[in-house]
Amino acid sequence: MIEIPAALWSSFRRSSIPLLGALAFLVIWEIACRLFSIRPILLPSPLMVLHELAASPAWFAEQTIYTVGITLAGFAAAVVFGVLFAILIVEWKLLERLLFPLFVGLNSVPKVALAPLFIIWFGVGDTPKVAIAFLIAVFAVVIDTALGLRSVPPDTIDLARTLRGSRLKVLLRVKLFCAMPHLFAGLKVAMSLALVGAIVGEFVSSQRGLGYVILSAQGMFDTPRVFAAIAILAVVGVALIAAVTVIERLAMPWHHSTERHEHWRITGPK
Amino acid sequence: MIRASQVVKRFGSSDKSVTALDGISIDIEEGEFVSLLGPSGCGKSTFLRCLAGIETATTGSLLIDGKPIDGPPDRLGMAFQRDALLDWFDVLENVLLPADFGGKRKRDYEPRARELLAMVGLKGFVNAYPRALSGGMRQRVAMCRSLLLDPRLILMDEPFGALDALTRDQLNVDLHHLTQQRRMTAVFVTHSISEAVFLSTRVIVFSPRPGRVVADIRIGLPRERRLAVRESKEFGDYTRHIRGLFEKMGLIHD
Ligand SMILES: Nc1ncnc2c1ncn2[C@@H]1O[C@H](COP(=O)(O)OP(=O)(O)OP(=O)(O)O)[C@@H](O)[C@H]1O
Ligand SMILES: [Mg+2]
């Protein structure tokens, strides 16, 4: 009677404590709003935000799906391009010397500043938003994957050399696996950055998505709606990173440490 | 089979270079089990890496079957101090790695891999990940991996250095059986005098850096060895003699 719920209880406690913190935060917020009768245009109470969400759930869902779609498209492009680029520069030193400084230089340009340019190039459809999400996210993928590909222990390198494996075999059997923990750390950062990129894209030009919701609601001083969109974004951000974590566990069944060490680590956009 | 003459290895640029090996000359016949003993930093690993073709000698010549070594030789098995197992593959995949890297069909070698694992008592762990194994079990897997392709030459760099005495004894016996079974040439680096005497047909003692050959001792014990041989008088004579050499070099004091 006691033993089985013990494990359940501990896992429940572990996941419920952060929720408890969030709940306390919301309660204090609600009380403060009522106590000091803060005007909703400055700071709506949590219940008002909830009310706003409940008033048109389908509409909010539609906007959320659009933004998530943009985020995932940008993220996917960043993963594919980022991993391939990292492999190229790690495998061919010349390419690294040729392209990497340029890449770092481009990255130091604030990507948000490029957003209007993308509108000129790609029009006002989905493409410029995906492009911005991609551009913001890709750097983290490249850096972490390259770091991971270089993290092969010296003994393992010697082993591969004495076995006379082809470069392709070494890459596929050794380097890519060595890179995986780093890669996933990069993917978590990239996912949050892709969301930032999607919102920026929608800020610059859009008729849809949560970024558009925030911008248009702000124009009408509809603060509860702004908060509703922000609340959705917070949940979406956490859910997307959780999804990467789940994939990480599935992709690395041999890697137990992910459960133990990274429990409290929150990787978010800087 | 192996002929090293006046092998010198220096690391670094000329003005602040480190001489790791200073004129090593050794001939090793086919089928010999040679242990290299010597103080830390005397260049044992460096010599082994030169034999493996992953390091090149600065001067001197190093021949295998009369041909200079310019890359990992054919049919080479190698075992490392830190077993160098791949965490992301299970035990069987790890043992099959040489076949995979050699471009051979893994399925053809699976029976041999299973046989080797059974011989070292790991039958039940064929599909375990290395994380789930103890240090001794991991070294056994690494040993099986180095033996998969029936190497002619096996190079081992302190493979049992990190193990407790009991596990180490067992692995010495396992290794002895495995190498006896198919006559292969072995070069084995160790810090343990009794391990060296137990396993070897020949023990070579290196001086402190820069490494030179101080003694080359034939071990005249019967070829088939059991742990009990360590209680014999001859065994004690060999270990005492080698310990005496270390004392003379000022490496051990009472
Ligand atoms: N890649 C390298 N670059 C510079 N110096 C090196 C390199 N590899 C080895 N050395 C030096 O060469 C010397 C011999 O090293 P080696 O690893 O062969 O010693 P060892 O006999 O195997 O020692 P141990 O018993 O501690 O493993 C050491 O002084 C070491 O610092
Ligand atoms: Mg060494």
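Mentor: This is a predicted model. Start with Lys233(B) and Asp237(B): their side chains form a salt bridge, 2.7 Å from N to O.

Trainee: How far apart are Lys233(B) and Asp237(B) in helix 7 of chain B?
Mentor: Four residues, so about one helical turn separates them.

Trainee: Is Lys233(B) buried or exposed?
Mentor: Exposed, because its relative accessibility is 61% and the cut-off is over 50%. Asp237(B) is partly exposed, at 29%.

Trainee: Which residues are joined into one network by salt bridges that share partners?
Mentor: Glu32(B), Arg202(B), Asp216(B) and Arg218(B).

Trainee: And how many salt bridges over all chains?
Mentor: The count is 34. One of them is in chain A: Glu91(A) pairs with Lys175(A), with the closest N and O atoms 2.8 Å apart. That pair links helix 3 and helix 8 of chain A, 84 residues apart.

Trainee: Is Glu91(A) buried or exposed?
Mentor: Buried, with a relative accessible area of 13%.

Trainee: What lines the largest cavity?
Mentor: Chain B residues, including Glu32(B), Phe33(B), Arg183(B) and Met184(B). By class, the lining has two nonpolar, three polar and three charged residues. Glu32(B) also belongs to that salt-bridge network.

Trainee: What about the surface?
Mentor: Look at chain A. A nonpolar patch there includes Leu23(A), Val27(A) and Phe221(A), and the whole patch has about 1,100 Å² of accessible area.

Trainee: Where does Val27(A) lie?
Mentor: In helix 1 of chain A, residues 3–35. Val27(A) is partly exposed, at 44%.

Terms used
Residues numbered from 1 in each chain as written. Chains lettered and ligands numbered in written order. Predicted model: local features only at pLDDT ≥ 70, side-chain atom pairs only at ≥ 80, totals over all residues. Heavy atoms only, no water. Patch = residues over 30% accessible without salt bridge, like charges linked within 9 Å, V, L, I, M, F, W, Y side chains within 5 Å. Areas by Shrake-Rupley, 256 points an atom, 1.4 Å probe, with all protein chains shown as cover. Salt bridge = Lys/Arg side-chain N within 4 Å of Asp/Glu carboxyl O. Helix = DSSP H or I, 4+ residues; strand = E, 2+ residues; numbered from the N terminus. Buried < 20%, exposed > 50% of the residue type's maximum accessible area, 1.4 Å probe, protein only. 1 Å grid on protein atoms, 1.4 Å probe; cavity = no way out; pocket = protein on both sides within 12 Å on 5 of 7 lines; lining within 4 Å. Nonpolar A, V, L, I, M, F, W, Y, C, P; charged D, E, K, R; others polar.
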